[in-house]
Amino acid sequence: MIPKTFKEVIDLGDGREISIETGKLAKQAHGAVVVQSGNCMLLCTVVSNYRQSDVDFLPLTIDYREKFAASGRYPGGFFKREARPSDGEVLTMRLVDRVLRPLFPKDYHSETQVMIQLMSHDDNVMPDAMAGLAASAAIQLSDFPFECAISEVRVGRVNGEFVINPTRAQLLESDIDMVIGASEDSVMMVEGEMGEISEEEMVEAIKFGHEAAKVQCAAQIRLAKAFGQKEVREYETEDEDEALMKKIHDLAYDKVYKVAKAGSSKHERSASFAEIKDEIKALHSEEELEEIGDLISKYYYKAEKAAVRDLTLNEGLRLDGRKTDEIRPIWCEVDYLPSTHGSAIFTRGETQALATVTLGTSREANQIDMPSFEGEETFYLHYNFPPFSTGEARPIRGTSRREIGHGNLAQRALKGMIPEDCPYTVRVVSEVLESNGSSSMATVCSGTMALMDAGVQLKKPVSGIAMGLITDTETGKYAVLSDILGDEDHLGDMDFKVTGTADGITACQMDIKVKGLSYEILVKALMQAREGRLHILEKLTETIAQPNEGVKAHAPKMVTTTIPGDYIGALIGPGGKVIQELQKTTGTTIVINEDPVTEEGLVEILGTDQAGIDAVLAKIDSITFKPVVGSVYEVKVIKILDFGAVVEYVEAPGNEVLLHVSELAWERTENVTDVVNMGDVFDVKYFGTDPRTRKEKVSRKALFPKPEGYKERPPRENRDRDRGRNDRNRDRKPRRD
């Protein structure tokens, strides 16, 4: 018997719907829903242990996986089983995590797992846009201590009209691809890429997405009430001591305020703060520290946060002595690494990124093989964040989710500026060498310069800046901070990164920690960010004003050409013999792809030596050479025969044709060598295929005037036919009856 189910339907307003259903699947989970749009179905389950973990943070795991069976496919590779998550899945996990995590109580430390699985795929539905909705809906059905329902929507703009959760086809025509995470009363997260839009247009897109998210939040609440709202579980809360908190605040606040106002460097400041904390701890006995040491540390950090925020709100000063809209000193350098195809250093304050560019063929494209999408990227960016960049020593266990997310943001910022006719596959790698505030934006800046240094003809240079916000809800004061430090990221109410050209925004990422942030403050923050971006952009263009005209001498040159589909096999040769030998002798890399529409061969030739590239082009011309009837060509004698000479087209070596003895000269020629010899070069006229011999016919004599009194001989074809018939009649003997 199928159990009773509960369902809510959300109308997207254009004939499409999203349904949320519970009661049928995964009933042992603490909450489970199936979210469906079209044929796309996501199963989300949530479980949280009832015992608090022995840690001082929330051990929350967001796991998003796409099952290949969902699209009727097998996993690629040798092992036919889904393995580690793809970058696309990791990026979806991060989108959901950034909205959910702040809504759990700060003292809730139970191991919590949110699992979202793509169970059925629809080509017209992008599942990642519904992952946040699924996660929040499942939590609403649980007994977790969770602040409020949220949802995430994707916003596109096609032909000037905003669209909620556009299809992949619509996104190709859209100049906005933005995911907005929000509750009914607040926008909490924004991430996306844009086609150089204005700050006002970006805010309008956020508003549009927020309205759609409100509808989805209301549907979750209705579903939870219909299903039966559970009582929020009780859990062991952290101890609080108001008297101790006031004592620590009084001991620390003024000292921290003084250090914060001094405008010292990161390491000096950290050492001074640590000294203040140690002085406070020294006022307590070992027994007290063993009992309340954690509380002392907790209350000290609260006092430190309050002092630093008050310094900014009251005096407009920041930890390193800057004003709120001031950018740290910047220095840049290009062509730093001698062997790379392009390189650049960008240093802003205590943040430094070294970017490299590598140019390749389509064979080096980044292959994307997900159940929801198959394709390739001919421009991609990788971001590395080693522990030494923050003065730490810790184990390195593969690429972190943070590295994938920051690299993706920088890639989205730059990819729209790669010209459509760029023949290369381009890989940018950012090595973060120092970090104290937005290494992802430093990656955008260093990546821009490295691309220009490599000779990639960027449409426009791109810069990026990380902004912060500090607000006081009681007094109404607020401060927008340009180019935030790492410490300001942690203590602020909003962290947002904006990238763009001089003409508009190309990408953004926002995490908003304060409820009910007004759009007026958001617009002001974005406009201040624009001023900062343009300042940084000026520093970039002072270092390298425009892309280098060509690639470096040691970098590969790329030439592309097309050949008729019939000649692809001839260029490759039996078993790849021709193309392999050609690559070996010319020192080039040759890639051939067949155009699925025209069926032409798209040939990419990559090499550092122009002579080698020219040799490949000459070989291609030779293979695909097709003479035109009536045209004159220069040929060279390569073989002498009794009945003519074998000649080779000079402009297409390897293409041979027989020059018959009768076509050498108007006079009767007894010996071929009386007219031409080995190695002779001369012109011939091409007549196409001879209907009698069915072979190609060329003539030398046709280029000379006929001698005076010359008489045409009867066609050889007729004479041969008559002679053969007469001979047969003469030789035939009488029949014997």
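Which residues in α1 meet which residues in α2? In this predicted model, the residues on the α1 side are T92, V96 and L100, and their partners in α2 are A131, G132, A135 and I139. Sorted by class, the contact of α1 with α2 holds five nonpolar and two polar residues, with no charged residues. Helix α1 covers residues 87-100 and helix α2 covers residues 131-140, and the two pack with their axes 9 Å apart, at an angle of about 45°. That angle makes α1 oblique to α2, and the crossing of the two helices is right-handed.

The crossing in which α13 passes α14 is right-handed. From α13, the residues V578, L582 and T586 take part in the contact, and in α14 they meet G612, A615, V616, K619 and I623. By class, the residues of this contact of α13 with α14 divide into five nonpolar, two polar and one charged.

R65 counts as partly exposed because its relative accessibility is 24%. When residues up to four places away in sequence are not counted, R65 touches A83, P85, E89, M93, I116, Q117 and L118. With one of these, A83, the side chain of R65 has a specific approach, reaching the backbone oxygen of A83 at 3.2 Å. The C-alpha atoms of R65 and R84 are separated by 9.4 Å, while the two residues lie 19 residues apart along the chain.

Another strand residue is D177, whose place is in strand β9 (residues 176-182). Is D177 buried or exposed? Its relative accessibility is 14%, and D177 therefore counts as buried, the cut-off for that class being under 20%. The side chain of D177 is joined to the side chain of R154 by a polar contact of 2.8 Å. Apart from neighbours within four places in sequence, the residues in contact with D177 are R154, V155, L171, E191, G192, E193 and R412.

In helix α7, which spans residues 286-315, the reader can find T312. T312 is buried, because its relative accessible area is 4%. With its neighbours within four places in sequence left aside, T312 is in contact with L317, R318, T324, I470, A479 and L481.

Most residues other than glycine have a negative phi. D483, although not a glycine, has a positive phi of about 55°, and D483 is found in the loop between β19 (478-482) and α10 (486-491). With a relative accessible area of 1%, D483 is buried. E599, which is likewise not a glycine, has a positive phi of about 65°, and the place of E599 is the loop between β23 (589-594) and β24 (601-607).

Key: Residues numbered from 1 in each chain as written. Predicted model: local features only at pLDDT ≥ 70, side-chain atom pairs only at ≥ 80, totals over all residues. Heavy atoms only, no water. Axes fitted to C-alpha atoms, helices over the stretch in contact; angles between N-to-C directions. Helix = DSSP H or I, 4+ residues; strand = E, 2+ residues; numbered from the N terminus. Parallel < 35°, antiparallel > 145°, perpendicular 65-115°, else oblique. Left-handed = near helix turned anticlockwise from the far one by under 90°. Contact = heavy atoms within 4.5 Å. Nonpolar A, V, L, I, M, F, W, Y, C, P; charged D, E, K, R; others polar. Buried < 20%, exposed > 50% of the residue type's maximum accessible area, 1.4 Å probe, protein only. Polar contact = N/O pair within 3.5 Å; in protein donor to acceptor, adjacent residues only side chain to side chain.
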